[in-house]
Amino acid sequence: MGDREIDQQLVERAQHGDKHAFELLVAKYQRKLGRLLSRFIRDAAEIEDVTQEAFIKAYRALPSFRGDSAFYTWLYRIGINTAKNYLVAMGRRAPTTTEFDIADAETFENGEQLKDVNTPENELMSKQIANTVNQTLQELPDELRTAITLREIEGLRYEDIATIMGCPIGTVRSRIFRAREAIAEKLRPMLGTSKDKRW
Amino acid sequence: MKHDISALMDGELEQDAAETAIARLKQQEELRDAWFDYHLIGDVMRQTGIVSADFGERLRGKLAMEPVVLAPRRPLLQKTKIAALSVAASLAAVAVVAWVVLQNNTDKAKDNLAATQQSNAAALASLPRYPLNSNVNEYLLAHQEFSPSTTMQGVAPYVRTVSDGAPETNR
Amino acid sequence: MRVLLLSLFLAWPATLLADSPAPSDDVLAWLQKIASAAHQLNYSGTFVYQYGNHVETSRIVHAVDASGEHEKLEIMDGLPREIIRNNDEVQCFLPESKTVKVEKRKATKAFPALLPEYLSNLGESYVIKKGEQERIAGFECQALVLQPKDGLRYGHRFWADINSGLLLKASMLDEKNDVVEQFSFTQLNIGGPIDEEMLKPKYPAKTAGWRYDRAGQPGPMSTETGWSLKSPPAGFKKIMEVKRMISGKPAPISHIVYSDGLAAVSVFIEPLNPGAKPLNGLSKRGALNIYTKPVDEYQVTVLGEAPAMTVMQIGNSVYYTGN
C-alpha cells in the first residue's frame, strides 16, 4: 500500500469517527506544514498557532474531502488559506498564491521567505534532537546508515535500495527499521514518555 | 509490530498487512509512539524543522473539543493490487556504500552548532550532515570546466565549491 | 577569441537546422544562444543559489575585451569567497585559510561542453519543450523545459532573456518534480562597459602573503588513462579523458568526464596513499552528488550534477583496461 493510500486509509477512519487516525496524520505532517507556513508568517509562536488552526480546520472539513487529490495537497491548501486569512486579520499583506506552486511549496523553500521557525525554547531542543539524531546516525553500522539515508534523503523505494546495496528487499526493510529504532531509542528520553507528551 | 510500522510509513507493506498495521496503530500506544518517532527522525534528517514539545498535546486538547466528524457513507476505495515485490538479484562486486566521517583537517575547531550568519536561515542548527572530503574543491574546480552548466552560466556554478577544509554545513 | 566565438555561433544554425526544424531544434538554438550570451556579453548582477533550505547570494561580473574573457563571482553569504577567471586561469580565493587555489583550464575549444554534436544527443535523454514567457528581474524571458526520460538525470528548466539570451534563472528537478537546485538573478545589468575594478579580488592575497595552491606545470598530458566504465548509464557519453595535475595533489590523476549533453559527471582516479584509509561514501550538495570508493590500489571519486544512483552506478562500473 503506497504512501497516498495510507493517508487515504487514515482519512477514512477519521471520517468515520476515529480521532486517533487524524492524530497520526498530524504526527506525520505537523512539521512539514509548519515549515510551509513559515514562508508566510514570521513569528515562531504564531506559526504554531496557525498550524494548529489549520489542522483543526482540516479536521472540520474532513467530511468534504473526497480523495480527488492527495491528502497533504488538500491539507497544504487549507494551511495556506488559514495563514493568509490570519495575515489579513492582523492587517498584514498576504502574498498572492499565484506566486507558489503547491507542489513546489511542500519541499522547496523560496529563499527570501525563509524564516527562523524556532522560538528560543525550541532552539535548544531542536539542537539537542538534531545532535542526537546525527550522532546516532554516525555511530550506526554502515549498512544501516546507508539504508535509512537512501530512504529518507533520497526517497528511494525499497526495491531500488536493494539494487543499490546488493541485498534482498527484506534486508533493506530490516536495516531501515533497525536504524530507526536505534535512533528512536536515544530520542525517547528527550521526548518524554508517550503518556505525557505525545498522545 | 514496530517493524511493520516502519515499512508501513514507507508505503512498502502489502494491502492486508498494511490494513492490519493501521488497525493495530489504533490499539497500541507503543506503535503510535513508533509512528511519531520515525516520522520525526525523517524530518530531522531532512531538516524540516520541529515544533514545540507540547504541540501535540495542545492540538489534542483542541481536537477533543471538536464534535466528532462523520462523513456520509461512501463506497470503499478500490483496493489496488500490489505487485509482488521482486527481490533484487544479488550483484557481484557492488560495494556497500559506507559513510565515513572525515577528519576536519583545519586547525580551527568548528563549532558545529553555531547559528548561521543569516538571520533568515533555516530552523535547525547547522550540523555537518554529510561531511565532504576536504579535497572536494579541487575536484569541483576540475569538473566545472567541463560541465555544461559552466558553458551556459559562466562562472556562476562555481558557487558550488565549498570553502576549503571545513566540512560542509547545511544552513 | 572573439572572432572564434562569433563564427562558432554563426556556423551552428546551418548544421542543425538544415532539415525541417522540429520544435526541439528551436530549444537547442536557444541553448546555444544562452551559451553565447554567457561568454560574449558584458553583464553584472546579483543572483541567489538555493538547494534544500540552503540559500546563498552572490554577485557576478562578466566582461569581454581585447585581452579576452574575465569574470568574477563573489559569494556573499556563509563563508565568503571569491572566484575570478581570466581566460583559462581560475583563481579561488579562500579567506578562511588564506589560500588561493589556482586552476588552469585545459580545454582549447571555446565551448567544450555544448558543441552541436552533444546538443543533438540531448533528445536521447530529454523531452525538450518550450515553456511560457515570464518576467524575471525585469527581463522578459523565454522558458525552456528539458524533461528527463529516466531517473538517471535531473530535469532542467531555463529562463533566458528574449533579447540577449542571457540566462536569468535555471532549476534542476528530481523525479518527483521537486526543485533540487536553483539559480536565479534578482538584479541584472546587461551590456555597457565594466569597470575593471569590479573584476579584481577584494583580498590582498599577494601582499598579505596568502598561500597559492597551483597544480604542477601542465605539460603535455596523456589523453589515455587506461580506465574505463563497464557500462555507462544510458545517454552518457565520454566527452573528455586526460591524465592531469590537480592543485593540491603531487601526482597526476586520471580525469574522465561523461555527459548526456546537459549533465556532466567526472570520474577521478588516483593511487591510494599507502597506509591511508580508502574513502568510501556518498555525499550530496544540492544537485551535486559525490561518490568515493576504492578500486584495488586506487581511489575513485565520482562527482556530478546527476542523481545519486547515476553517480554510484558510474563509480561501481569503473575498471582498469590494462593499457
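Ring pairs join A:Tyr29, A:Phe65, A:Phe71, A:Tyr72, A:Trp74 and A:Tyr76 into a cluster, where rings of Phe, Tyr and Trp (its six-membered ring) pair if their centres lie within 6.5 Å, and planes under 30 degrees apart count as stacked, over 60 as edge-to-face and the rest as tilted. The model is predicted, so that local features need pLDDT of at least 70 and side-chain atom pairs count only at pLDDT 80 or more, whereas totals for chains, interfaces and linings use all residues. Residues are numbered from 1 along each chain as its sequence is written, chains are lettered from A and ligands numbered from 1 in the order in which they are written, and side-chain values use heavy atoms, with hydrogens and water left out.

Over all chains, a search of the whole structure identifies 19 aromatic pairs. One of these, formed by A:Tyr29 and A:Phe71, is tilted, with 6.0 Å centre to centre and 50° between the planes. Because A:Tyr29 belongs to helix H2 (residues 19-37) of chain A and A:Phe71 to helix H4 (residues 71-89) of chain A, the pair ties together parts that are 42 residues apart in sequence; helices (H or I, at least four residues) and strands (E, at least two) are DSSP runs, numbered from the N terminus. Both A:Tyr29 and A:Phe71 are buried, a term denoting under 20% relative accessible area, with exposed over 50% and partly exposed in between (1.4 Å probe, protein chains only).

In chain C, the rings of C:Phe93 and C:Tyr203 are stacked, since their centres are 6.5 Å apart and their planes lie at 25°. C:Phe93 is located in strand S5 (residues 89-94) of chain C and C:Tyr203 in the loop between strand S11 (179-190) and strand S12 (211-214) of chain C, so this pair ties together parts that are 110 residues apart in sequence. Both C:Phe93 and C:Tyr203 are buried.

Charges over rings also occur in chain C. The charged end of C:Lys169 sits over the ring of C:Trp159, 4.6 Å from its centre, and that of C:Arg153 over the ring of C:Tyr126, 6.0 Å from its centre; the criterion is NZ of Lys or CZ of Arg within 6 Å of the ring centre and within 35 degrees of the ring normal.

B:Glu138, in helix H5 (residues 136-144) of chain B, counts as buried at 3% relative accessibility. Apart from its neighbours within four places in sequence, B:Glu138 is in contact (heavy atoms within 4.5 Å) with C:Lys101, C:Ile246, C:Ser247 and C:Gly248.

Zero disulfides (pairs of cysteine sulfur atoms within 2.5 Å) are present over all chains. A:Cys167 is buried, with a relative accessible area of 8%, and C:Cys92 counts as buried at 0% relative accessibility.
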